[in-house]
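Trainee: I would like to learn how to read a few features of a model. Please show me.

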Amino acid sequence: MSKPVIGFIGLGAMGLPMAKNLVKANYRVLGLNRSKGKEQRFKEAGGEVGYTLEEIVKECDVLMTCLPFPEDVEKVILGEGGIVENGRAGQTIIDFSTVSPTLNRKVYEKAKEKQMRFLDAPVSGGNWGAEAGTLSIMVGGDKEVFEEMLPLFEVLGENIYHVGPCGSGSIVKLVNNLMVGFHTQAVAEALNLGEKMGVKADVLFEILNASYAQSRVFERHYKNFISKNEFSPAGFAMKLLHKDLRIANELAEEQNIPLPIGKQVADMLKQAVDAGHGDQDMSALYLYLK
(Lines give C-alpha, C1' and ligand atoms only; values in the text may rest on other atoms or scores of the structure.)
Protein backbone atom coordinates (compact mmCIF):
# COMPACT_ATOMS: atom_id res chain seq x y z
CA MET A 1 0.00 0.00 0.00
CA SER A 2 1.46 3.39 -1.02
CA LYS A 3 2.05 6.07 1.56
CA PRO A 4 -0.57 8.83 1.77
CA VAL A 5 0.26 12.29 0.44
CA ILE A 6 0.12 14.80 3.30
CA GLY A 7 -0.84 18.45 3.35
CA PHE A 8 0.47 20.34 6.40
CA ILE A 9 -1.08 23.74 7.10
CA GLY A 10 0.66 25.80 9.77
CA LEU A 11 4.47 25.68 9.76
CA GLY A 12 5.04 27.48 13.05
CA ALA A 13 7.21 26.60 16.03
CA MET A 14 5.49 23.21 16.32
CA GLY A 15 4.22 22.60 12.81
CA LEU A 16 7.50 23.11 10.95
CA PRO A 17 9.52 20.45 12.82
CA MET A 18 6.56 18.06 12.71
CA ALA A 19 6.22 18.47 8.95
CA LYS A 20 9.99 18.06 8.52
CA ASN A 21 9.90 14.78 10.45
CA LEU A 22 7.23 13.46 8.08
CA VAL A 23 9.49 14.36 5.15
CA LYS A 24 12.39 12.54 6.85
CA ALA A 25 10.12 9.48 7.12
CA ASN A 26 9.77 9.57 3.30
CA TYR A 27 6.27 10.96 3.10
CA ARG A 28 5.44 13.44 0.37
CA VAL A 29 4.39 16.58 2.29
CA LEU A 30 2.94 19.79 0.85
CA GLY A 31 3.31 22.68 3.26
CA LEU A 32 1.42 25.96 3.61
CA ASN A 33 2.05 28.82 5.99
CA ARG A 34 0.99 32.45 6.35
CA SER A 35 4.65 33.50 6.70
CA LYS A 36 6.43 32.50 3.51
CA GLY A 37 9.81 32.46 5.27
CA LYS A 38 8.72 29.29 7.07
CA GLU A 39 7.69 27.77 3.75
CA GLN A 40 11.21 28.40 2.42
CA ARG A 41 12.72 26.62 5.42
CA PHE A 42 10.37 23.71 4.81
CA LYS A 43 11.37 23.59 1.15
CA GLU A 44 15.04 23.46 2.15
CA ALA A 45 14.19 20.41 4.29
CA GLY A 46 12.64 18.58 1.33
CA GLY A 47 9.03 19.67 1.62
CA GLU A 48 6.92 20.99 -1.23
CA VAL A 49 5.59 24.55 -1.18
CA GLY A 50 4.03 27.08 -3.52
CA TYR A 51 0.51 25.62 -3.46
CA THR A 52 -2.76 27.29 -2.52
CA LEU A 53 -4.92 25.69 0.15
CA GLU A 54 -7.36 24.52 -2.52
CA GLU A 55 -4.54 22.87 -4.50
CA ILE A 56 -3.23 21.11 -1.39
CA VAL A 57 -6.67 19.73 -0.57
CA LYS A 58 -7.10 18.44 -4.12
CA GLU A 59 -3.66 16.79 -4.09
CA CYS A 60 -3.50 15.19 -0.63
CA ASP A 61 -4.98 12.22 1.19
CA VAL A 62 -4.39 13.53 4.72
CA LEU A 63 -4.76 17.19 5.72
CA MET A 64 -2.96 18.23 8.91
CA THR A 65 -3.42 21.58 10.64
CA CYS A 66 -1.34 23.09 13.44
CA LEU A 67 -2.61 26.61 14.02
CA PRO A 68 -2.43 29.07 16.92
CA PHE A 69 -6.03 30.11 17.54
CA PRO A 70 -9.53 28.55 17.21
CA GLU A 71 -10.58 31.17 14.66
CA ASP A 72 -7.64 30.10 12.46
CA VAL A 73 -8.71 26.47 12.66
CA GLU A 74 -12.33 27.27 11.85
CA LYS A 75 -11.36 29.44 8.89
CA VAL A 76 -8.90 26.97 7.37
CA ILE A 77 -11.06 23.88 7.83
CA LEU A 78 -14.63 25.19 7.62
CA GLY A 79 -14.30 28.60 5.97
CA GLU A 80 -14.96 29.59 2.37
CA GLY A 81 -12.38 27.93 0.16
CA GLY A 82 -11.27 25.78 3.08
CA ILE A 83 -10.51 22.11 3.55
CA VAL A 84 -14.05 20.77 3.91
CA GLU A 85 -15.44 22.84 1.04
CA ASN A 86 -12.74 21.53 -1.30
CA GLY A 87 -12.49 18.06 0.22
CA ARG A 88 -13.64 14.71 -1.05
CA ALA A 89 -14.88 11.44 0.41
CA GLY A 90 -12.23 9.37 2.14
CA GLN A 91 -9.84 12.18 3.07
CA THR A 92 -8.73 12.51 6.69
CA ILE A 93 -8.30 15.79 8.56
CA ILE A 94 -6.03 15.81 11.63
CA ASP A 95 -5.94 18.96 13.75
CA PHE A 96 -2.97 19.29 16.12
CA SER A 97 -4.12 22.71 17.39
CA THR A 98 -5.47 23.32 20.88
CA VAL A 99 -9.10 24.38 20.56
CA SER A 100 -12.39 23.65 22.30
CA PRO A 101 -14.03 20.23 22.04
CA THR A 102 -17.13 22.08 20.80
CA LEU A 103 -15.21 23.27 17.73
CA ASN A 104 -13.80 19.76 17.26
CA ARG A 105 -17.30 18.28 17.14
CA LYS A 106 -18.48 20.96 14.73
CA VAL A 107 -15.61 20.10 12.38
CA TYR A 108 -16.30 16.38 12.80
CA GLU A 109 -19.95 16.77 11.77
CA LYS A 110 -19.21 19.07 8.81
CA ALA A 111 -16.47 16.72 7.58
CA LYS A 112 -18.79 13.73 7.95
CA GLU A 113 -21.30 15.40 5.63
CA LYS A 114 -18.63 15.24 2.92
CA GLN A 115 -17.71 11.65 3.92
CA MET A 116 -14.40 12.95 5.25
CA ARG A 117 -12.90 11.78 8.56
CA PHE A 118 -11.64 14.00 11.39
CA LEU A 119 -9.36 13.50 14.40
CA ASP A 120 -8.55 16.08 17.05
CA ALA A 121 -4.96 15.39 18.04
CA PRO A 122 -3.44 18.15 20.19
CA VAL A 123 0.18 17.66 21.19
CA SER A 124 2.38 18.32 24.21
CA GLY A 125 6.14 18.41 24.49
CA GLY A 126 7.11 21.80 23.11
CA ASN A 127 9.13 22.59 20.04
CA TRP A 128 11.97 20.41 21.37
CA GLY A 129 9.64 17.42 21.39
CA ALA A 130 8.38 18.36 17.94
CA GLU A 131 11.95 18.42 16.60
CA ALA A 132 12.91 15.15 18.28
CA GLY A 133 9.68 13.36 17.30
CA THR A 134 8.93 12.62 20.96
CA LEU A 135 5.63 14.46 21.41
CA SER A 136 2.71 13.26 23.47
CA ILE A 137 -0.31 13.09 21.18
CA MET A 138 -3.82 12.79 22.61
CA VAL A 139 -6.33 11.81 19.95
CA GLY A 140 -10.10 12.05 19.87
CA GLY A 141 -12.23 10.53 17.12
CA ASP A 142 -13.25 7.22 15.60
CA LYS A 143 -10.98 4.39 16.74
CA GLU A 144 -10.64 2.83 13.29
CA VAL A 145 -9.48 6.16 11.82
CA PHE A 146 -6.99 6.56 14.67
CA GLU A 147 -5.57 3.10 13.99
CA GLU A 148 -5.26 3.86 10.29
CA MET A 149 -3.38 7.09 11.03
CA LEU A 150 -1.20 5.58 13.77
CA PRO A 151 1.91 5.21 11.54
CA LEU A 152 1.82 8.99 10.98
CA PHE A 153 1.46 9.70 14.69
CA GLU A 154 4.37 7.38 15.42
CA VAL A 155 6.62 9.55 13.24
CA LEU A 156 5.72 12.59 15.32
CA GLY A 157 5.52 11.31 18.88
CA GLU A 158 6.39 8.66 21.42
CA ASN A 159 3.40 8.79 23.74
CA ILE A 160 0.30 8.36 21.60
CA TYR A 161 -3.15 7.87 23.11
CA HIS A 162 -6.60 7.31 21.68
CA VAL A 163 -8.65 9.05 24.37
CA GLY A 164 -12.18 8.53 23.11
CA PRO A 165 -14.73 10.16 20.76
CA CYS A 166 -14.17 13.45 18.94
CA GLY A 167 -13.21 16.26 21.33
CA SER A 168 -11.66 13.95 23.92
CA GLY A 169 -8.12 14.75 22.87
CA SER A 170 -8.74 18.47 23.30
CA ILE A 171 -10.24 17.94 26.75
CA VAL A 172 -7.08 16.17 27.94
CA LYS A 173 -4.85 18.86 26.36
CA LEU A 174 -6.81 21.64 28.04
CA VAL A 175 -6.49 19.88 31.40
CA ASN A 176 -2.75 19.48 30.75
CA ASN A 177 -2.30 23.15 29.94
CA LEU A 178 -4.43 24.18 32.90
CA MET A 179 -1.85 22.46 35.09
CA VAL A 180 1.00 23.98 33.06
CA GLY A 181 -0.54 27.37 33.87
CA PHE A 182 -0.64 26.54 37.59
CA HIS A 183 3.03 25.49 37.54
CA THR A 184 4.03 28.57 35.54
CA GLN A 185 2.38 30.82 38.12
CA ALA A 186 3.99 28.86 40.97
CA VAL A 187 7.47 29.19 39.44
CA ALA A 188 7.04 32.93 38.92
CA GLU A 189 5.76 33.58 42.44
CA ALA A 190 8.23 31.29 44.23
CA LEU A 191 11.37 32.59 42.51
CA ASN A 192 10.31 36.21 42.96
CA LEU A 193 9.59 35.68 46.65
CA GLY A 194 12.87 33.86 47.30
CA GLU A 195 14.98 36.38 45.38
CA LYS A 196 13.37 39.40 47.03
CA MET A 197 14.08 37.79 50.41
CA GLY A 198 17.77 37.60 49.50
CA VAL A 199 18.31 34.06 48.14
CA LYS A 200 19.94 33.74 44.72
CA ALA A 201 17.83 32.19 41.96
CA ASP A 202 20.37 29.47 41.14
CA VAL A 203 20.43 28.38 44.79
CA LEU A 204 16.63 28.32 44.90
CA PHE A 205 16.48 26.25 41.74
CA GLU A 206 19.07 23.71 42.90
CA ILE A 207 17.29 23.11 46.21
CA LEU A 208 13.68 23.24 45.01
CA ASN A 209 14.45 21.06 42.01
CA ALA A 210 15.67 18.37 44.41
CA SER A 211 12.62 18.74 46.66
CA TYR A 212 8.88 18.22 46.42
CA ALA A 213 8.54 21.55 44.62
CA GLN A 214 10.24 20.00 41.59
CA SER A 215 8.30 19.86 38.30
CA ARG A 216 9.11 19.51 34.61
CA VAL A 217 7.69 22.98 34.07
CA PHE A 218 10.00 24.44 36.75
CA GLU A 219 13.03 22.77 35.18
CA ARG A 220 12.01 23.89 31.69
CA HIS A 221 11.30 27.49 32.67
CA TYR A 222 14.42 27.95 34.76
CA LYS A 223 17.04 26.13 32.69
CA ASN A 224 15.92 27.25 29.25
CA PHE A 225 14.68 30.77 29.92
CA ILE A 226 14.89 32.36 33.37
CA SER A 227 18.54 31.47 34.11
CA LYS A 228 19.53 32.81 30.68
CA ASN A 229 17.32 35.91 30.95
CA GLU A 230 16.16 34.98 27.46
CA PHE A 231 12.44 34.67 26.80
CA SER A 232 12.29 34.01 23.07
CA PRO A 233 8.85 32.91 21.83
CA ALA A 234 10.53 29.91 20.15
CA GLY A 235 9.21 28.01 23.16
CA PHE A 236 5.50 28.48 23.88
CA ALA A 237 4.20 32.03 23.69
CA MET A 238 2.39 33.35 26.74
CA LYS A 239 -0.56 34.50 24.62
CA LEU A 240 -1.12 30.87 23.61
CA LEU A 241 -1.08 29.63 27.21
CA HIS A 242 -3.56 32.37 28.05
CA LYS A 243 -5.76 31.24 25.15
CA ASP A 244 -5.70 27.65 26.41
CA LEU A 245 -6.60 28.63 29.98
CA ARG A 246 -9.37 30.86 28.67
CA ILE A 247 -10.85 27.92 26.75
CA ALA A 248 -10.47 25.63 29.79
CA ASN A 249 -12.32 28.14 31.96
CA GLU A 250 -15.08 28.52 29.37
CA LEU A 251 -15.43 24.73 29.24
CA ALA A 252 -15.68 24.56 33.03
CA GLU A 253 -18.29 27.33 33.13
CA GLU A 254 -20.42 25.52 30.54
CA GLN A 255 -20.41 22.44 32.79
CA ASN A 256 -20.79 24.45 36.02
CA ILE A 257 -17.46 23.13 37.32
CA PRO A 258 -15.53 25.53 39.60
CA LEU A 259 -11.95 26.41 38.63
CA PRO A 260 -11.05 29.03 41.25
CA ILE A 261 -7.28 28.85 40.71
CA GLY A 262 -7.68 28.41 36.96
CA LYS A 263 -9.61 31.66 36.71
CA GLN A 264 -7.01 33.57 38.73
CA VAL A 265 -4.12 32.24 36.64
CA ALA A 266 -5.96 33.07 33.40
CA ASP A 267 -6.51 36.61 34.70
CA MET A 268 -2.82 36.96 35.61
CA LEU A 269 -1.75 35.74 32.17
CA LYS A 270 -4.14 38.23 30.57
CA GLN A 271 -2.52 41.04 32.58
CA ALA A 272 0.95 39.90 31.47
CA VAL A 273 -0.15 39.69 27.83
CA ASP A 274 -1.69 43.17 28.04
CA ALA A 275 1.58 44.44 29.56
CA GLY A 276 3.49 43.36 26.45
CA HIS A 277 4.68 39.85 27.33
CA GLY A 278 2.28 37.97 25.04
CA ASP A 279 4.85 37.14 22.37
CA GLN A 280 7.45 36.02 24.91
CA ASP A 281 7.72 32.47 26.23
CA MET A 282 5.21 31.62 28.95
CA SER A 283 8.04 31.56 31.50
CA ALA A 284 8.14 35.37 31.16
CA LEU A 285 5.34 35.47 33.73
CA TYR A 286 8.33 35.55 36.10
CA LEU A 287 9.39 38.85 34.48
CA TYR A 288 5.92 40.31 34.74
CA LEU A 289 5.68 39.58 38.47
CA LYS A 290 9.21 40.86 38.99
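Mentor: Start with contacts, meaning heavy atoms within 4.5 Å. Leaving aside neighbours within four places in sequence, His-242 is in contact with Ala-266, Leu-269, Lys-270 and Val-273. Note that this is a predicted model, where local features need pLDDT of at least 70 and side-chain atom pairs count only at pLDDT 80 or more, while totals for chains, interfaces and linings use all residues. Residues are numbered from 1 along each chain as its sequence is written, and side-chain values use heavy atoms, with hydrogens and water left out.

Trainee: Where is the place of His-242? Is His-242 buried or exposed?

Mentor: Buried means under 20% relative accessible area, exposed over 50%, and partly exposed in between (1.4 Å probe, protein chains only). His-242 is in helix H12 (residues 238-254) and has a relative accessible area of 14%, so His-242 is buried. Helices (H or I, at least four residues) and strands (E, at least two) are DSSP runs, numbered from the N terminus.

Trainee: How do I read strand pairing, and which strands does E4 join?

Mentor: Two strands pair if DSSP finds at least two bridges between them. Strand E3 (residues 62-65) runs parallel to E4, with 4 bridges joining them. On E4, Ile-94 is the bridge partner of Met-64. Another 4 bridges join E4 to strand E5 (residues 117-120), also parallel, and there Leu-119 is the bridge partner of Ile-94.

Trainee: Which residues of strand E4 are on each side?

Mentor: Thr-92 and Ile-94 are on one side of E4 (residues 92-95), Ile-93 and Asp-95 on the other; all are buried, and both faces are covered.

Trainee: How are aromatic pairs described?

Mentor: A pair of aromatic rings is described by the distance of the centres and the angle of the planes. Rings of Phe, Tyr and Trp (its six-membered ring) pair if their centres lie within 6.5 Å; planes under 30 degrees apart count as stacked, over 60 as edge-to-face and the rest as tilted. A search of the whole structure finds 6 aromatic pairs. One of them is Phe-96 with Phe-153, edge-to-face at 6.3 Å centre to centre and 85 degrees between the planes. Phe-96 lies in the loop between E4 and H6 and Phe-153 in helix H8 (residues 143-156), so the pair ties together parts that are 57 residues apart in sequence.

Trainee: Are Phe-96 and Phe-153 buried or exposed?

Mentor: Both are buried. Phe-96 and Phe-153 also belong to one aromatic cluster with Phe-8 and Phe-146.
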